[in-house]
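Hello,

Here is the structure we spoke about, with notes on what was found in it. Please read the notes alongside the coordinates.

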2 protein chains.
Amino acid sequence: MRIALLQTAGDPANEPAANLDRLAAAAARARAGGADLLVAPEMFLTGYAIGREAAEAKAEPADGVCAHRAAEIARANGIALVYGYPERGEDGRLYNAAILIDAEGRRLLNYRKTHLFAALDRSMFSAGTGTCETARLGPFTVGLLICYDVEFPEAARALALAGADLIIVPTANMKPYEPVSHLLVPARAYENGIYVAYANRCGREADLAYYGLSSVAGPAGGNLVMARIGEELVFAEIDITEIGAARSVNTHLRDRRPETYGALAGKAE
Amino acid sequence: MRIALLQTAGDPANEPAANLDRLAAAAARARAGGADLLVAPEMFLTGYAIGREAAEAKAEPADGVCAHRAAEIARANGIALVYGYPERGEDGRLYNAAILIDAEGRRLLNYRKTHLFAALDRSMFSAGTGTCETARLGPFTVGLLICYDVEFPEAARALALAGADLIIVPTANMKPYEPVSHLLVPARAYENGIYVAYANRCGREADLAYYGLSSVAGPAGGNLVMARIGEELVFAEIDITEIGAARSVNTHLRDRRPETYGALAGKAE
């Protein structure tokens, strides 16, 4: 399976319609480059550091107007899509969400960020409940996390234990957190024997300087590809047979000692 | 605090007395280099891939003859010591253990490897129960893990939640597991806001090729120092004020969502 990561600053005015146009253009380029899946960043549809009022105004349900347009883009280009957006939940709350749509335009997953990052997230969003839903995409069992979530080994592990062998992570990560791309993303892939696809924003937004460095990390240890700091569409080929090969060498998942991990599921520090 | 890592193949005949002589020589060199703590590899005292019979013959309790000799070395040189050895438990079982002795010769910690690695460990040892004991060493709260343990984010996290800001890891890691030094050790340090000191064997033993690359990783992201592949005494300076500085930027420990981590403490895959 071939993945394309859309590293972008998005529309400067943060208009969903303009960002959907960008998504359509990227989907066409990604498909032309042989990709089966295009991953756009966290809050791709609307911009991220937009404040509560704009997030409220631009939020939509998982089956909203933009999701329908994105499904058309997926179907028209024959490519699966993941992107982040502000979700209006059926409970009326706002969530920092990401959606997976397959190449036929069907919504396979809708995930809500579980680990909220600082005031930036907390001023806008309610936290998700950490569902470990997975879906089948080609030969892969896929799960979603968003940005800060993947920095927590617990979140990636829970998805791997639920069967995910590819975790897709729309993100909007900024300086000085570059070690997340250099260390944590490939560590998650190696320690779980999975692939992790990490699609970041770039450019500036409010007082944030997104660092780019979107990457795909594999189960054998290390990043297969890493973008630079600017706008870029990067491709990586991932191979389901590498999962089994890596897990025959790295037997972490079956050598866990869960009976000794009680403190992890207890109260936070 | 200044740490020295003793990367060594140990005595070729795997005699504890000869390895204690090596420890004494290294302690003197480490102290001369300003170190407050010297860390030797996993099963330093006896060799690692020695088989059940030799492990049985050379095992000793945590307060055994070799431990007393090591305590003398610590006291004589005014340096704290960590090293690995085969422990004869009070229950009669063999454990792959590590001991921390302070510069006054007092035993502060004795830890038993919780995650046994392959037939190599399983043919010799019973597994520890994953205690999260810590001890004070200078300004640091210290915990021990052994080799494969640190590859499990759960084990390092549990120690960090128990207050450890320095995890000391005697190891005997071999090709092709180099990503442990390059990725997992610095990931553990970064994701927990702690230091991790990882002292590996080098050279060959039985059919194993130890890869060296002993390292100390810090909370700001990345290895502070990394040995090459051969015999080496490497030094790193660690600073307790860096823990607080890193945790003001990386707030992982307090942003955990333990109520969503129930699956981690459940049954293994």
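The side chains of Arg106(B) and Glu104(B) meet in a salt bridge, with N and O 2.9 Å apart. A salt bridge here is a side-chain nitrogen of Lys or Arg within 4 Å of a carboxyl oxygen of Asp or Glu. Arg106(B) is partly exposed at 49% relative accessibility, and Glu104(B) is partly exposed at 46%. Buried means under 20% relative accessible area, exposed over 50%, and partly exposed in between (1.4 Å probe, protein chains only).

This is a predicted model: local features need pLDDT of at least 70, side-chain atom pairs count only at pLDDT 80 or more, and totals for chains, interfaces and linings use all residues. Residues are numbered from 1 along each chain as its sequence is written, chains are lettered from A and ligands numbered from 1 in the order in which they are written, and side-chain values use heavy atoms, with hydrogens and water left out.

Other salt bridges

Over all chains the count comes to 36 salt bridges. One of them joins Arg69(A) to Asp21(A), the closest N and O atoms being 3.2 Å apart. This pair links distant parts of the chain, 48 residues apart: Arg69(A) is in helix 3 (residues 65-77) of chain A and Asp21(A) in helix 1 (residues 16-32) of chain A. Helices (H or I, at least four residues) and strands (E, at least two) are DSSP runs, numbered from the N terminus. Arg69(A) is partly exposed, at 28% relative accessible area, as is Asp21(A), at 44%.

Between the chains

Chain B can be laid on chain A with an RMSD of 0.0 Å by a turn of 180 degrees and a shift of 0.0 Å along the axis; that is the relation of a two-fold axis. The copies are superposed by least squares on the C-alpha atoms of residues with pLDDT of at least 70 in both. Of the residues of chain B, Leu183(B) comes closest to the rotation axis, its C-alpha lying at 2.8 Å.

In the interface, 51 residues of chain B are in contact (heavy atoms within 4.5 Å) with 51 residues of chain A. The area buried between the two chains is about 4300 Å², with carbon and sulfur atoms giving 59%. Buried area is the accessible area (1.4 Å probe) that two parts lose on being put together, summed over both.

Eight salt bridges are counted between chain B and chain A. Glu154(B) forms a salt bridge with Arg157(A), the closest N and O atoms being 2.7 Å apart. Helix 6 of chain B gives the most to the side of chain B that touches chain A, with 10 residues. Arg122(B) and Asp255(A) also meet in a salt bridge, at 3.2 Å from N to O. That pair crosses from helix 4 (residues 118-122) of chain B to helix 8 (residues 252-255) of chain A. Arg122(B) is partly exposed, with a relative accessible area of 46%, whereas Asp255(A) counts as buried at 10%. Arg188(A), Glu191(A), Arg188(B) and Glu191(B) are linked in a network of salt bridges.

A buried residue in chain A

Ala55(A) lies in helix 2 (residues 51-58) of chain A and is buried, with a relative accessible area of 0%. Leaving aside neighbours within four places in sequence, Ala55(A) is in contact with Ile50(A), Pro86(A), Leu94(A) and Met124(A).

Regards
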